[in-house]
Amino acid sequence: MAERYEDIIHQGRIIGRKLVVDPVPETPPTTIDRDDFIERFTPDEWVLGQRAAQVDPILAQALTLLMAKSDGKVNLASPRMPPVFEKMVTLGVLTQERSRQILTP
Amino acid sequence: MADVTLSSIIGNGGEKTPASVNGLVGNGAFSAIIGDSLRGAAFKESLSGALTANTYKNVLSIAVPGRLLIAAAYRRDTISRQVGLKITLDGVIFYDVFDKANSSIDRGPLGAGIILQSSSIHTHNYPFKTMSVDIKSSLTETDKIAYIIVYTLDQ
């Protein structure tokens, strides 16, 4: 965090000083609620994903494992996440750009 | 007869800078939750930055006449600590309160301004020729103490 004192200018002259602290930008969490994760998909994307999972057991199992954690959280930064999303891109469920957007914390 | 100017009757010329404020929540007492109301009124919140435990840090110094409307300091997280606010007007310590340790976010001393439960806010109007505001915490801080100071400067 950067902090400094800035001059206070009044009617063209320095009449005092004030503390200025630049807030540290908050890093968004990489772990989000399961409901929030689902909300990142459009309804059409979600339906397409479910349909793709019905005919692709590997995708179905991967999605289930990623979302079945007992704490109801989904880890966007999990190393297991990119292959699942690459699979969904390959199957036409998502575009590469949408895949990137959904996985961005 | 000496000249009487308007400024000697009204405005800064006719008013004395207060030396103290009495009857507010005092040293070691439980302060009120004020941060949410002040932010809700669109007053600008500033961060303390680094603080050394139990040591005042100057956050504002003014060397021309003006009026103090609002001055508050408060917690930004739920770690138990004391928060202090000191206001010096014309070289005299007008308000110096180190509140009771507690862990409520947005709670802290209010040296100028009145906040009602309904979040209605009234400003004070304390004239000064110089003003200095300091804040402190009972803990060593990074950025978890905030403050709001609203003032005017004379033409």
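Strand E2 (residues 13-22) of chain A pairs with E3(B) in the antiparallel sense over three bridges. Strands, at least two residues of DSSP type E, and helices, at least four residues of type H or I, are DSSP runs numbered from the N terminus, and two strands pair if DSSP finds at least two bridges between them. This is a predicted model, in which local features need pLDDT of at least 70 and side-chain atom pairs count only at pLDDT 80 or more, while totals for chains, interfaces and linings use all residues. Residues are numbered from 1 along each chain as its sequence is written, and chains are lettered from A and ligands numbered from 1 in the order in which they are written.

**The contact between the chains**

- Within the pairing of the two chains, Arg17(A) stands opposite Ser61(B), a residue of E3(B).
- In total, 14 residues of chain B are in contact with 11 residues of chain A; a contact requires that the C-beta atoms of two residues, placed from the backbone, lie within 7 Å.
- On the side of chain B that touches chain A, the elements giving two or more residues are strand E2 (46-47) and strand E3 (57-62) of chain B.
- E3(B) supplies the largest share of that side, four residues.

- Six strands form an open sheet with antiparallel pairing, in the order E1(A)-E2(A)-E3(B)-E12(B)-E5(B)-E6(B).
- The edges are E1 of chain A and strand E6 (92-98) of chain B; each has a single partner strand, so one side of each is left without a neighbour in the sheet.
- On average, and with direction ignored, neighbouring strands of this sheet are turned by 20° against each other. Such angles are taken between axes, which are lines fitted to C-alpha atoms (for helices over the stretch in contact), and run from 0 to 180 degrees between N-to-C directions.

**The hairpin of chain A**

- E1(A) and E2(A) pair in the antiparallel sense over nine bridges.
- Bridge partners include Ile9(A) with Ile14(A) of E2(A) and Arg4(A) with Val20(A) of E2(A).
- None of the nine residues of E1(A) is buried, so E1(A) lies largely in the open. A residue is buried if 20 or more other C-beta atoms lie within 10 Å of its own, exposed if 12 or fewer, and partly exposed in between, with C-beta atoms placed from the backbone.
- The hairpin has two residues between its strands, and Gln11(A) takes a positive phi near 50° there.
- Gln11(A) belongs to the loop between strand E1 (2-10) and E2 of chain A, and counts as exposed because it has 9 C-beta neighbours inside 10 Å.

**A positive phi in chain B**

- Ala42(B), a residue other than glycine, has a positive phi near 70°.
- Ala42(B) is placed in the loop between helix H2 (35-40) and E2 of chain B.
- Ala42(B) is exposed because 6 other C-beta atoms lie within 10 Å.

**The helix pair of chain A**

- Helix H4 (residues 81-90) and helix H5 (residues 96-103) of chain A have axes that come within 9 Å and cross at roughly 150°.
- This crossing makes H4(A) roughly antiparallel to H5(A); angles under 35 degrees count as roughly parallel, over 145 as roughly antiparallel, 65 to 115 as roughly perpendicular and the rest as oblique.
- The contact involves Met81(A), Phe85(A), Met88(A) and Val89(A) from H4(A), together with Gln96(A), Ser99(A) and Leu103(A) from H5(A).
- By class, the residues of this contact are five nonpolar, two polar and no charged.

**Overall make-up of each chain**

- Chain A has five helices and four strands, which run β-β-β-α-α-α-β-α-α from the N terminus on.
- Chain B has two helices and 13 strands.
- Buried residues make up 10% of the 105 residues in chain A, and 38% of the 155 residues of chain B count as buried.

Methods:
Nonpolar A, V, L, I, M, F, W, Y, C, P; charged D, E, K, R; others polar.
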